[in-house]
Amino acid sequence: MALAVNPPTTLTFYGPFNVVSTTTLKLSNTGSDRLAFMLKTTTPRRFCVKPNNGFLEPNTNVVVQILLQPSLPGAPDDESNRSKFMLLWAVVSDNEQTDIVSFTQTDSDREDLTSTSEQNCLDPERIVGDSSVSELECPICHNILWKPVACKTCENAFCAYCIHKWIKQHDSKSEKLCPFACTFEEKRAPSVLNKLLSKLQIYCAYRDNGYQQILNYDALETHQKTCEYKSIICSVCHVTITNQNLTDNSHNIRQCFTDVQKTQTDSQVQVHLMTLLDVIDRQNKRIEALESQINGIPS
């Protein structure tokens with residue numbers, strides 16, 4: 001198996017950087033095995049990767065386009081020149097059709113899944129469809145506007161969290177300045193902007209945990225507070241699970257103590273607990289058998 005990457009180490013973008021700058025990465029499967037790949041970046045807000053995942057048949061290649069989003073005047077420096085990319089790949093079977101995101105996801109990725117409200121931003125990659133949403137992006141974080149407010153002076157809109165953090169970090173004794181170097185006075189975002197946002201169709205933040213339904217922008221916050229696929233930590237074994245795992249009983253008390261036993265050097269207590277569970281299981285089966293017999297006796 002072999003995956004050749006060109007260029008092998010460094011991606012170079014050429015200005016001007018006030019418009020989108022594009023470079024390419026060629027991936028070649030030079031072996032006889034089928035491969036799955038996924039490309040990640042440390043700065044997903046500034047880079048658009050097409051395609052960012054897929055399958056590579058033997059002796060084939062794919063050219064990945066990487067688009068560096070333009071820097072806006074007055075926006076904070078995000079040090080794009082220090083961004084890094086990570087290429088994940090693995091051999092897969094000929095009939096493998098697993099979703100690449102789930103296929104390459106690690107336990108730590110699952111633990112990092114948080115709701116839009118917790119992140120205070122909305123990643124453009126969660127938007128359903130290929131329509132352009134550049135006019136709905138926050139000039140500070142470069143994500144989709146979340147709970148937007150506007151500057152009364154320049155009329156530009158920002159995520160409420162972003163602009164409040166910006167003002168705090170750039171506090172001036174004389175006046176509050178927005179990223180566009182004008183006096184900031186907060187006002188409600190234009191109604192037309194909120195109307196455009198309300199039309200967006202969005203994947204849930206916990207999609208990779210199994211929730212596949214599509215939500216609209218206005219329903220997103222309420223849904224994610226009670227989403228059954230929200231990541232939680234089991235209080236017994238400390239494994240990352242979801243509320244759905246508890247509902248469908250795929251993570252029960254027996255599984256908890258099994259996981260605890262695997263991580264303990266002194267597992268005597270866990271051994272006794274597992275023995276106790278075995279006794280309880282046998283008693284429950286006997287009770288079920290007796291109830292079945294009783295129900296079969298004519299009254």
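Does Trp146 count as buried or exposed, and at what relative accessibility? Please go on from there to the surroundings.

Analyst: Trp146 counts as buried, with a relative accessibility of 5%; buried means under 20% relative accessible area, exposed over 50%, and partly exposed in between, using a 1.4 Å probe and protein chains only. The model is predicted, so that local features need pLDDT of at least 70 and side-chain atom pairs count only at pLDDT 80 or more, while totals for chains, interfaces and linings use all residues. Residues are numbered from 1 along each chain as its sequence is written, and side-chain values use heavy atoms, with hydrogens and water left out.

The structure contains 2 aromatic pairs. Rings of Phe, Tyr and Trp (its six-membered ring) pair if their centres lie within 6.5 Å; planes under 30 degrees apart count as stacked, over 60 as edge-to-face and the rest as tilted. Trp146 belongs to an edge-to-face pair with Tyr217, at 5.4 Å centre to centre and with 65° between the planes. Distant parts of the chain are linked by this pair, as Trp146 and Tyr217 are 71 residues apart. Trp146 lies in the loop between helix H3 (116-119) and E8, whereas Tyr217 lies in the loop between strand E12 (214-216) and helix H6 (220-226). Helices (H or I, at least four residues) and strands (E, at least two) are DSSP runs, numbered from the N terminus. Tyr217 is buried as well, because its relative accessibility is 9%.

The other aromatic pair consists of Phe158 and Phe180. Its ring centres are 6.2 Å apart and its planes stand at 45°, so the pair is tilted. Because Phe158 is in strand E9 and Phe180 in the loop between H4 and E10, the pair ties together parts that are 22 residues apart in sequence. Phe158 is buried, with a relative accessible area of 0%, but Phe180 is partly exposed at 28%.

The account now turns to a sheet. Strand E9 is part of an open sheet of 3 strands, in the order E9-E8-E10 and with antiparallel pairing. The edge strands, E9 (157-159) and E10 (186-188), each pair on one side only; two strands pair if DSSP finds at least two bridges between them. From one strand to the next, the twist averages 45°. Strand E8 (residues 148-151) is joined to E10 over 3 bridges in the antiparallel sense, and Val149 stands opposite Arg188 in E10. Helix H4 (residues 160-169) packs on this sheet, where it touches E8, E9 and E10; contact means heavy atoms within 4.5 Å. The direction of H4 makes about 90° with that of E9. Axes are lines fitted to C-alpha atoms, for helices over the stretch in contact, and angles run from 0 to 180 degrees between N-to-C directions.

Aromatic rings also take part in another arrangement. A charge sits over a ring if NZ of Lys or CZ of Arg is within 6 Å of the ring centre and within 35 degrees of the ring normal. The charged end of Arg207 is placed over the ring of Tyr203, 3.8 Å from its centre. Likewise, the charged end of Arg34 sits over the ring of Phe55, at 4.3 Å from the ring centre. Phe55, in E5, stands opposite Ala36, and strand E3 (residues 34-41) pairs with E5 over 4 bridges in the antiparallel sense.
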